[in-house]
Amino acid sequence: VPTAVIAYMTLGIDVSAIFPEMIMSTHTSNLVQKRLVYLFLSVHAERNRDLALLAVNTLLKDALDTSPTVRGLALR
């Protein structure tokens, strides 16, 4: 699903309405999906600051992950 959302973003379609669902997708262990979800969050978090707070716990958990890729995504 994150792949389709990113595709819609590149086409200029407003996908900000699914921000809460994308936050729930951060709990995936699939690195490719996590990368796409974090890309979505980095683009839309500025406009949805209140909803972005829902992702803080996941970002903190991922910042302590053993994988440097996951840590880098969470810090970005």
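Both Arg49 and Glu46 are exposed, and the two residues form a salt bridge whose closest N and O atoms lie 2.2 Å apart. This pair belongs to a structure that holds three salt bridges, seen here in a predicted model.

**Salt bridges**

- The side chains of Asp62 and Lys34 meet in a salt bridge with an N to O distance of 3.0 Å.
- This pair links distant parts of the chain, for Asp62 lies in helix 5 and Lys34 in helix 3, 28 residues apart.
- Asp62 counts as buried because its relative accessibility is 2%, a value under the 20% limit for that class.
- Asp62 also meets the side chain of Lys61 in a salt bridge, at 3.5 Å from N to O.
- Lys34, Lys61 and Asp62 are therefore described as linked in a network of salt bridges, a salt bridge being a side-chain nitrogen of Lys or Arg within 4 Å of a carboxyl oxygen of Asp or Glu.

**Lys34 in helix 3**

- Lys34 is found in helix 3, which spans residues 31-44.
- With a relative accessible area of 5%, Lys34 is buried.
- Leaving aside residues up to four places away in sequence, Lys34 touches Thr26, Thr28, Asp62, Val70 and Leu73.
- The contact between the side chains of Lys34 and Asp62 is also a polar contact, of 3.0 Å.

- As a general principle, an α-helix has 3.6 residues a turn, so residues three or four places apart point the same way.

- Leu31 has its place in helix 3.
- Its relative accessible area is 35%, so Leu31 is partly exposed.
- Not counting residues up to four places away in sequence, Leu31 touches Thr69, Val70 and Leu73.
- The C-alpha atoms of Leu31 and Thr69 are separated by 8.5 Å, although the two residues stand 38 residues apart along the chain.

**Thr28 in a loop**

- Thr28 is found in the loop between helix 2 and helix 3.
- When residues up to four places away in sequence are set aside, Thr28 touches Gln33 and Lys34.
- The side chains of Thr28 and Gln33 are joined by a polar contact of 3.4 Å.

**A nonpolar surface patch**

- Tyr8, Leu11 and Ile13 make a nonpolar surface patch of about 330 Å².
- Ile13 is found in the loop between helix 1, residues 2-10, and helix 2, residues 19-24.
- Ile13 counts as partly exposed because its relative accessibility is 43%, a value between the limits of 20% for buried and 50% for exposed residues.

Note on methods. Residues are numbered from 1 along each chain as its sequence is written. This is a predicted model: local features need pLDDT of at least 70, side-chain atom pairs count only at pLDDT 80 or more; totals for chains, interfaces and linings use all residues. Side-chain values use heavy atoms; hydrogens and water are left out. Patches are made of residues with over 30% relative accessible area and no salt bridge: like charges are joined within 9 Å, nonpolar side chains (Val, Leu, Ile, Met, Phe, Trp, Tyr) within 5 Å. Accessible areas come from the Shrake-Rupley method with a 1.4 Å probe; for residues, only the protein chains shown count as cover. Helices (H or I, at least four residues) and strands (E, at least two) are DSSP runs, numbered from the N terminus. Buried means under 20% relative accessible area, exposed over 50%, partly exposed in between (1.4 Å probe, protein chains only). A polar contact is a pair of N or O atoms within 3.5 Å; within protein, one must be able to donate a hydrogen and the other to accept it, and residues adjacent in sequence count only if both atoms are side-chain atoms. Contact means heavy atoms within 4.5 Å.
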